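Please keep the sequence and the structure in view while reading.

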Amino acid sequence: MKLVVTIVGRDQVGIVAMVSGILAKQRVNIMNVNQNIMDGFFNMVMIAEMPDDAEIRLKDLQEMLRKKGEECGLEIKVQHQEIFQVMHSI
């Protein structure tokens, strides 16, 4: 299943390492990354792929990254790519 991961917040050291580390532990492959920093604000969108036989459910991965983001002062969202496409095609 393809996922869209978005991260927004004040720039700080280790954001990419933290998110990619969590995804790697769950065997989620990062396929594309687009990021920028403007006026101290970090913004990143990742396209990733979760294996069909993943040990973690999407809902649990979403919650895990949301909580970790809160701890770091970031907003991290994970959406199924199809939902993301429908939401942004209207």
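## Terms and basis of the report

A residue is called buried when its relative accessible area is under 20%, exposed when it is over 50%, and partly exposed in between, with a 1.4 Å probe and protein chains only. By this rule I47 counts as partly exposed, because its relative accessibility is 23%.

The model is predicted: local features need pLDDT of at least 70, side-chain atom pairs count only at pLDDT 80 or more, and totals for chains, interfaces and linings use all residues. Residues are numbered from 1 along each chain as its sequence is written, and side-chain values use heavy atoms, with hydrogens and water left out.

## The sheet

Helices (H or I, at least four residues) and strands (E, at least two) are DSSP runs, numbered from the N terminus. Two strands are said to pair if DSSP finds at least two bridges between them. Here 4 strands form an open sheet with antiparallel pairing, in the order 2-3-1-4. Strand 2 (29-38) and strand 4 (74-80) are the edge strands, each pairing on one side only. On average, and with direction ignored, neighbouring strands of this sheet are turned by 10° against each other. For such angles, axes are lines fitted to C-alpha atoms, for helices over the stretch in contact, and the angles run from 0 to 180 degrees between N-to-C directions.

Strand 2 pairs with strand 3 (residues 41-49) over 9 bridges in the antiparallel sense. Within this pairing, I30 stands opposite A48 in strand 3. I47 also lies in strand 3. Although I47 and V4 are 43 residues apart in sequence, their C-alpha atoms are 4.8 Å apart in space. Contact means heavy atoms within 4.5 Å. Leaving aside neighbours within four places in sequence, I47 is in contact with L3, V4, N29, I30, M31 and N32.

Which strands does helix 1 touch? Helix 1 (residues 15-25) packs on the sheet and touches strand 1 (2-10), strand 2, strand 3 and strand 4. The direction of helix 1 makes about 20° with that of strand 3. Helix 2 also packs on the sheet, touching strand 1 and strand 4, and its direction makes about 165° with that of strand 4.

## The nonpolar core

In soluble globular proteins, nonpolar side chains tend to be buried together. A nonpolar core is a set of buried Ala, Val, Leu, Ile, Met, Phe, Trp, Tyr and Cys residues joined through side-chain atoms within 4.5 Å. The largest such core in this model has 21 residues, of which I7, V19, L61 and I76 touch the most other members. At least two residues of this core come from each of strand 1, helix 1, strand 3, helix 2 and strand 4. Helix 1 supplies the largest share, 5 residues.

L61 illustrates these contacts. Apart from neighbours within four places in sequence, L61 is in contact with L3, I22, L23, Q26, V28, M50 and I56.

## Two loop residues

R27 is found in the loop between helix 1 and strand 2. This residue has a positive phi of about 65° although it is not a glycine. R27 counts as partly exposed, at 45% relative accessibility.

D39 lies in the loop between strand 2 and strand 3. Phi of D39 is near 50°, again a positive value in a residue other than glycine. D39 counts as exposed, because its relative accessibility is 73%.

## Salt bridges

Side chains of opposite charge can pair when their charged atoms come close. In a salt bridge, a side-chain nitrogen of Lys or Arg lies within 4 Å of a carboxyl oxygen of Asp or Glu. How many salt bridges does a search of the whole structure find? The search finds 7. One of them joins the side chains of D60 and R57, with 3.2 Å from N to O. D60 is partly exposed, at 34%, whereas R57 counts as exposed, at 53%.

E70 forms a salt bridge with R66, and their closest N and O atoms are 2.5 Å apart. Since E70 and R66 are 4 residues apart in helix 2 (residues 58-72), about one helical turn separates them. Another salt bridge links E71 with K68, the closest N and O atoms being 3.6 Å apart. E71 and K68 both lie in helix 2, 3 residues apart, which is about one turn of the helix. Salt bridges that share partners join E63, R66, K67 and E70 into one network.
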